[in-house]
Amino acid sequence: DSWANLVARCLYTVGIRKTDVFQNSSGYGMFTGGLGFQYGAERLGALTVPAAAGNSKRQIKFITDFKTTALHAIPSYAIRLAEVIQEEGIDPTSTSLKTLVIGAEPHTDEQRKKIERMLGVKAYNSFGMTEMNGPGVAFECQEQNGMHFWEDCYLVEIIDPETGEPVPDGEIGELVLTTLDREMMPLIRYRTRDLTRILPGECRCGRTHLRIDRIKGRSDDMFIIKGVNIFPMQVEKVLVQFPQLGSNYLITLETVNNQDEMIVEVELSDLSTDNYIELEKVRKDITRQLKDEILVTPRLKLVKKGSLPQSEGKAVRVKDLRQNQ
């Protein structure tokens, strides 16, 4: 009930009203973006289209049939959707869409502006995390100048991740949250590992809740791709089960055709790399198990032993080359 109220508050903040048609392109499984935005849009009173993830042509059909005015999508998918609309012979800026709610993966202000140009909408950044319900924790207003944090439900601290001491407003540190209205699973001083800062001064919209800047990165080795949180250890857990593989691997994150891609390179053990049929079978088995573990299908490359860079200190497992970093 609290979650529905918070998400409804967020949607109202960016100008969405009960007269809008809200289309949700998030998955409706365990990913909190699906049900969270569904609950919030229903609480607001908007007609809610539970389109779920993927199937761009169906998304477009829903937009045209239901005259969708507001859409929730991850940033990379919003760009892809604009491209498919164009491929269908439709001017993306000619649809009924006016408002886009984006989040769940890192993106820059430049990427946001690109989305706005491509679809002819205003796109608003959001912050949420499963431990705090999901979406609805902090949201931009129509000023698009930082995300308002709902302080009646969350106590916000920014600390130095090394010392644990608070940092002054305006300085980047680790976001620490305490829930104020949760009875079933209260969390006290939960370290999110997200790096951001409190924006000093008041917002021109008149709201007095504090604002945080967009998330700058992580204080641990987790990364987010296609809205999914992934730790390198999850990948390693799968790779070590295959005797054909060595211990050295590298995860590379790239942007290809405006879509984030995850490439996993892993060295083979001393086995011959000449048997293509056997290698292809192993590659497919590993890819399937990785998808089951991390919920994202990576591009897997099996490489010769000794071909990946060796590190003398702590092994570098992730290279993030995405344009939005």
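Modeller: What follows takes helices, sheets, backbone angles and aromatic rings in turn. This is a predicted model, in which local features need pLDDT of at least 70 and side-chain atom pairs count only at pLDDT 80 or more, while totals for chains, interfaces and linings use all residues. Residues are numbered from 1 along each chain as its sequence is written, and side-chain values use heavy atoms, with hydrogens and water left out.

Biologist: What span does helix 1 reach from its first C-alpha to its last?

Modeller: Helices (H or I, at least four residues) and strands (E, at least two) are DSSP runs, numbered from the N terminus. The expected span of a helix is 1.5 Å times one less than its number of residues. Helix 1, residues 2–13, has 12 residues and reaches 17 Å, close to the expected 16 Å.

Biologist: Which residues of helix 1 are buried?

Modeller: An α-helix has 3.6 residues a turn, so residues three or four places apart point the same way. Buried means under 20% relative accessible area, exposed over 50%, and partly exposed in between (1.4 Å probe, protein chains only). In helix 1 the buried residues are Trp 3, Ala 4, Leu 6, Val 7, Ala 8, Cys 10, Leu 11 and Thr 13. They pack against strand 1 (21–24), helix 2 (32–44), strand 4 (99–102), strand 6 (134–140) and strand 8 (154–159); contact means heavy atoms within 4.5 Å. After helix 1 comes Gly 15, with a positive phi near 95°.

Biologist: Turning to sheets, what is the strand order in the open sheet of 9 strands?

Modeller: Strands of a sheet pair through backbone hydrogen bonds, either parallel or antiparallel. Two strands pair here if DSSP finds at least two bridges between them. The order is 2-1-3-4-5-6-7-12-11, with mixed pairing. Strand 2 (47–49) and strand 11 (198–199) are at the edges with a single partner strand each, so one side of each has no neighbour in the sheet. Strand 1 and strand 3 (residues 70–73) run parallel, joined by 3 bridges, and Gln 23 stands opposite Leu 71 in strand 3. Helix 5 (residues 109–119) lies across strand 4, strand 5 (122–129) and strand 6, at about 135° to strand 5. Axes are lines fitted to C-alpha atoms, for helices over the stretch in contact, and angles run from 0 to 180 degrees between N-to-C directions.

Biologist: How many strands form the open sheet with the order 18-17-16-19?

Modeller: That sheet has 4 strands, with mixed pairing. Its edge strands are strand 18 (299–303) and strand 19 (318–320), each pairing on one side only. Neighbouring strands are turned by 20° against each other on average, direction ignored. Helix 7 (residues 276–294) packs on this sheet, touching strand 16 (245–256), strand 17 and strand 18, and its direction makes about 135° with that of strand 18. Strand 17 (residues 259–268) pairs with strand 18 in the parallel sense over 5 bridges, and Glu 265 stands opposite Lys 301 in strand 18.

Biologist: How many aromatic pairs does a search of the whole structure find?

Modeller: A pair of aromatic rings is described by the distance of the centres and the angle of the planes. Rings of Phe, Tyr and Trp (its six-membered ring) pair if their centres lie within 6.5 Å; planes under 30 degrees apart count as stacked, over 60 as edge-to-face and the rest as tilted. The search finds 5 pairs. One of them, Phe 22 with Phe 37, is stacked, at 6.1 Å centre to centre and 20° between the planes. Phe 22 is in strand 1 and Phe 37 in helix 2, 15 residues apart, and both are buried. Phe 127 and Phe 149 form a tilted pair, at 6.0 Å and 45°.

Biologist: Are Phe 127 and Phe 149 buried or exposed?

Modeller: Phe 127 is buried at 6% relative accessible area, and Phe 149 is buried at 0%. Together with Tyr 154 they form one aromatic cluster.
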